[in-house]
Amino acid sequence: MTKTCDRQDAQRDAQRDAQDVSCDAQRQKERRAFLKQLGIISGVAIGAGYAALAPPSWPLSLRDPDGERGKPRPKVHHLPAGGYALKDIGTAPLGIAHGKNIDALVRGAIDGIGGIKRYVTSDDVVVIKPNVAFDRPAVLGTTTNPEVLAALIRLVKEAGAKEIRVTDNPIESPESCFERSGIRTAALKAGARIILPSPADFELLATPGATHIGTWPFFWRPFVGATKVIGVAPVKDHNLCRASMTTKNWYGLLGGRRNQFHQDIHGIISDLALMLRPTFVLLDGSRVLFRSGPTGGNLSDVRAGNTIVASTDSLAADAFGWDELLGRKGEQLPGYFQQAAARKLGNPTWQEARVKRVRLG
Amino acid sequence: MARAPKRYNPDQLFNPDGFRHYRRAYSHAELRWGLSILLGLIAILSWVLYRGARPDPALFAALTPMARNPPKIPTSTANGVFPKDLTPPGWRAGVITSFDTKDVYKKINGRESYYKSFGFQRLDCVRLSQRSSSATIDLELFDQEQPQNALGAYAGERGEGQVDRVTPGGVARVVRNALYLVRGRYYLRAVGSDESAATLTALKHIEARFVGAKGAAKGPGQTLPWGYTLLAKVGIGAGAVTYERENAFSFEFAKDVYAGRLGKDGPQLFVMAAASPEAAKTLAAQFHKSFSSYGDAVGKQAPGWVKDHFIGAFSTASAIKRFVVGVRAAPKLAPAQKLLVQLEQALPAENTDDEDM
Amino acid sequence: MRDKPSFFQKSSDGSPWFVRAGRITHWRVISQAFFFGLFIFLLWTTWFSRLGGYPVSLFLELDPLVAIATALSTHTLYRWLWRAIWVLALTLLLGRVFCGWICPLGTLQQFTSWLFNIRKNNARFDANRYRPIFRLKTIILVVLLVLAAFGMLQIGLLDPICLLTRSIVTAAQPAMDSALPSSLSWLSSAPGAPEQRVFDGAWFTGGLLVTILGLTLLIPRFFCRVLCPLGALLGVLSRFSLWRIERDVTQCTDCDLCLRACEGASDPHDALRKSECFVCFNCIDDCPESALTFARAPLPIKDQIEGSLRQGTATLFGKKVLSKRPETEIKGPDLPRRRWVLAGALGVMAFPFIRLSNAVTKRGYNKKAIRPPGSVQESEFLKRCIKCEQCINVCPTNVLQPATFKQAGIEGLWTPTMNFRVGFCQYNCTLCSEVCPTGAIQKTSLERKLGRGEYKKEGPIRLGTAFYDRGRCLPWAMETPCVVCEEVCPVSPKAIGGVTETITRHDGKTVTLKKPVIRPELCIGCGICERECPVTDEPAVYVTAVGESRDKERSLLLTSHKKRGERP
């Protein structure tokens with residue numbers, strides 16, 4: 001087209017001028033289109049080149065020379081330093097109540113360690129962890145007694161807690177475990193919220209110093225915003241670690257490959273004691289599964305314990321349960337007691353601690 | 001037409017012509033039918049919700065299994081036959097397990113006949129363990145029915161060169177990591193898992209509890225049986241006395257014999273009680289005859305002494321009132337004769353406390 | 001462009017807006033939406049915490065094909081299957097109303113092809129004309145019913161309710177669950193399940209649904225028109241229906257607009273194929289001449305026409321006939337008699353081909369074909385199971401899985417089996433037996449499952465027996481303490497015992513090991529040991545079908561379970 005313009009007759013000036021203008025406009029348009037395309041091409045090329053070749057530390061770089069950068073890096077969570085335990089409680093670490101009236105027992109035991117108000121205040125979001133591991137009715141003693149849980153929730157409520165969450169990750173299907181054990185009804189009726197596990201609820205938790213569960217999938221959702229943690233566990237015989245009580249109870253907060261734990265069950269339980277330092281624990285000795293644990297399944301495996309223990313030291317509470325509720329006084333305490341005690345996580349010689357014991361109706 | 005036709009635009013994301021239709025006439029009948037269909041749907045929905053709100057309770061309730069056996073309460077942790085405050089400080093006691101003549105084999109398979117030969121009645125076991133270490137002490141308390149039985153069983157397990165101590169109402173000895181103790185009808189063995197100072201202190205504590213316990217080791221004879229006191233009078237300590245309930249010295253007729261040796265190689269003195277003086281005489285004669293079966297009579301007076309063929313030791317037995325007293329295996333004759341006299345003099349009066357034997 | 005007319009303005013015939021809005025096709029859409037919603041809702045409630053007393057398998061029970069086929073195979077009608085009478089009655093009265101108004105798979109297809117339609121009217125007329133391939137569904141129906149009469153129930157493969165239930169349960173629901181954020185987990189199909197549910201062969205069942213929906217873009221409602229055996233059955237039945245679409249030949253101008261959205265391809269513009277018509281009423285909606293009505297029309301009108309159609313002098317009852325097509329009805333399905341015979345012969349031949357596999361024999365049955373508790377004996381099971389996967393849907397532990405070809409052959413494809421590597425049979429649970437519509441899993445009380453009360457004599461239901469692979473078991477083979485299996489064993493006394501041994505390991509360390517053993521007379525085959533075994537790829541303790549209590553031929557021990565199982 002430019003050539004045609006060059007050959008224009010000089011006599012047709014006006015026309016030629018007009019044509020020149022149009023030719024120029026045409027050229028300009030072409031140039032613009034060309035520059036635009038060039039701009040797009042070079043923009044894409046430079047962008048792609050940058051993303052592909054820029055050193056990994058530069059922003060927006062995609063470069064991954066050895067394949068390490070592309071690996072998933074899951075976020076690791078931490079529980080608050082020092083756990084949820086109170087400092088310098090200044091009361092007896094062990095409150096024991098014997099009797100039949102569950103409400104009175106729970107109150108009596110907690111009063112033994114200074115009363116609920118010492119532990120729960122009005123701004124608190126309290127996580128309560130019962131043991132709901134199996135789809136069994138409560139009378140079989142494999143799960144926390146719902147009456148004990150309800151009494152505890154009422155007390156915590158009375159102390160003014162903002163929110164009470166009841167949670168567990170059972171071995172069997174969570175919904176039916178909560179339903180058939182009576183925990184669901186008891187907790188909802190008493191005014192707590194139940195959080196059942198779903199696949200997205202688990203996050204990696206770091207437990208510095210733990211032998212086996214240094215980072216392990218943890219049932220994280222209930223702990224978001226939580227300020228206090230109370231464990232309430234039944235007294236159970238256990239086929240492998242001999243006794244499952246308040247310390248073993250934290251097992252239900254973990255996910256992942258829990259079936260590997262049995263290869264060093266005592267090490268794991270001592271890790272659990274390290275992982276979660278509760279505000280206090282309640283040992284539910286209203287029923288005692290004294291054999292065929294932890295699944296039980298027969299009423300003849302259960303007897304009445306008529307005892308509730310509240311403690312800021314789960315090892316002491318468990319040692320008491322071992323001596324007096326499981327009736328294994330004099331037998332060697334299971335290995336996890338020594339291992340946890342060696343980490344200064346508690347004192348299994350409960351008799352040495354200050355103990356407040358009451359007998360109620 | 002109901003609505004102005006929209007322009008067909010195939011670039012629209014979804015069906016560009018979705019709600020178009022071509023009919024021109026509408027009818028009220030359709031509306032009426034439609035409303036009745038709506039009622040039907042509402043009825044179905046209500047039925048579904050009604051059903052939903054009425055679950056079969058059996059589907060969600062868990063069965064409460066019936067106990068096939070009545071709940072068995074495990075053995076109480078009460079002290080039972082053990083004295084109070086048995087457990088030393090820093091130790092803890094386990095559950096007491098008990099066995100009687102029928103099931104003691106479970107505990108001591110193969111050796112139960114030994115205890116049964118001493119009138120075994122019952123065995124109570126408990127394990128003490130130390131909190132700070134893995135040390136344990138196993139306590140086995142044998143009820144042997146009679147003090148002399150207990151002492152007999154005790155003496156029968158005494159090893160060479162072990163020294164006994166006489167305690168109020170019994171005897172005891174500590175051998176390395178184990179305490180053996182008799183009090184009344186009970187024979188206690190306390191075996192520690194090690195010989196540490198802590199274990200030994202604990203054993204001392206246990207011994208003190210047993211010896212000092214009131215009413216713990218109840219039974220006939222808080223004091224030692226007559227045979228022990230008698231032999232003690234001639235200088236044989238209770239620890240050196242053995243009691244043979246039957247078949248003493250391998251003599252079939254010799255029953256309920258107390259025997260004790262004076263010194264390591266000294267003569268062995270023995271006493272036994274018979275039902276009557278006549279019976280005692282018969283027994284003495286039987287002893288004499290039995291001694292003579294491997295020896296020769298020395299001198300002529302009765303009861304005569306017999307000198308053993310093989311070891312040259314002297315033995316005799318004589319009946320005094322309803323007792324039989326004797327000396328066995330005395331290395332020299334003269335001191336033995338003196339001893340026998342001493343023993344005869346020491347014999348208790350006619351109505352002793354062992355009338356019931 | 002003109003202004004958009006108001007929705008509330010009068011219609012062209014002068015009737016008020018609400019008559020236009022209340023026309024019958026709108027009610028159909030409402031009905032379809034209602035039933036589709038109900039269908040999804042009932043699938044969603046098929047879960048422990050939602051179940052309540054909901055009739056969760058209602059659609060399967062309403063399905064006349066399920067009722068008729070199981071009645072053929074078992075000579076009985078299980079539990080709620082009589083409910084199919086409602087659909088049967090509706091069909092005999094009004095035709096295939098079920099297909100057009102109720103069937104959720106039909107709704108889904110119709111919605112898909114409506115939403116993604118890019119055809120202009122002319123193309124749509126062609127897409128909705130009848131094609132000979134549509135007779136395939138009747139052949140499929142005959143083959144399936146012949147098989148059912150022989151005692152082999154295969155209707156579940158293609159029955160639309162079974163197919164859609166299966167695809168949603170095994171593919172769509174888990175896909176939705178995995179997309180839900182933590183805060184919406186209550187909405188998931190399996191709330192309170194700590195792990196994402198997985199299903200064997202979900203790609204296939206899900207892919208099948210996507211394919212069916214995709215094919216609607218080629219031929220609208222492809223599945224309904226070509227494959228659906230239920231539609232074929234209802235089509236056969238609808239020849240007797242009292243009402244049908246009636247074309248007034250004195251009004252019809254042969255414009256064919258009624259074909260524009262005809263769902264069934266039933267030729268409303270010509271002689272109506274009663275067996276194809278879904279009674280969707282789209283033809284009425286598209287007829288500019290008001291020539292189409294839904295009417296009680298027992299007699300054809302062809303004989304009443306006087307005069308010549310060709311010359312345009314024909315009249316009907318004195319009115320001029322405008323349409324060139326005097327026929328108004330074809331009653332039965334378009335299947336020549338020889339094709340009926342062929343279809344029957346195909347069924348007769350297929351039976352031995354499929355049945356003479358190992359599935360129901362004493363020997364060679366698949367050791368991993370472990371059926372849920374309450375299942376009837378295998379041959380009876382295959383007479384009843386319609387592969388709907390409702391049991392799989394309700395199972396709280398995800399142990400129930402659709403069987404693969406490898407496990408169960410074509411005969412047992414997608415029937416429920418237990419995969420104990422995924423889940424375990426929960427001790428106090430009998431939900432699968434509650435939701436099964438056909439009694440393949442017979443309704444079972446907990447007492448019966450656990451062998452208590454009046455079932456004490458029979459003993460508990462056993463699904464199989466656990467075995468140890470001592471070469472893989474940590475205590476047996478690797479000097480490492482474990483026995484998770486013993487811990488989780490739910491029976492009391494425990495069916496897993498053991499020998500305790502103290503040994504010196506290679507490194508000189510002394511360890512006390514409990515080496516587990518199975519007590520076969522106590523084992524109920526619940527598989528929780530296999531599920532919890534840390535050797536996850538090929539568990540060291542595994543359950544196989546032998547010893548299952550539903551079949552005496554597959555028992556393991558001579559002594560009855562109950563006598564040996566009692567606490568001494």
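Which side chain does C:Arg129 meet in a salt bridge? I looked this up before anything else in the model.

**Conventions.** The model is predicted, so I note that local features need pLDDT of at least 70, side-chain atom pairs count only at pLDDT 80 or more, and totals for chains, interfaces and linings use all residues. Residues are numbered from 1 along each chain as its sequence is written, chains are lettered from A and ligands numbered from 1 in the order in which they are written, and side-chain values use heavy atoms, with hydrogens and water left out.

**Entry 1, C:Arg129.** The partner is C:Asp256, at 3.7 Å from N to O. I took a salt bridge as a side-chain nitrogen of Lys or Arg within 4 Å of a carboxyl oxygen of Asp or Glu. C:Arg129 sits in the loop between α8 (121–127) and α9 (136–150) of chain C, and C:Asp256 in the loop between β1 (243–247) and β2 (272–273), so the pair ties together parts 127 residues apart in sequence. Helices (H or I, at least four residues) and strands (E, at least two) are DSSP runs, numbered from the N terminus. C:Arg129 is partly exposed at 29% relative accessible area, while C:Asp256 is buried at 13%. Here buried means under 20%, exposed over 50%, and partly exposed in between (1.4 Å probe, protein chains only).

I found a salt bridge to C:Glu530, with the closest N and O atoms 3.4 Å apart. C:Lys368 lies in the loop between α15 (337–355) and α16 (378–384), C:Glu530 in helix α23 (residues 528–532), and 162 residues separate them. C:Lys368 is partly exposed at 25%; C:Glu530 is buried at 4%.

Because A:Arg242 is in strand β9 (residues 242–244) and A:Glu331 in the loop between α8 (314–325) and α9 (335–342), the pair ties together parts that are 89 residues apart in sequence. Both count as partly exposed, A:Arg242 at 32% and A:Glu331 at 28%.

I read off 53 salt bridges over all chains. A network of them links C:Arg371, C:Glu378, C:Glu548, C:Arg550, C:Asp551 and C:Arg554.
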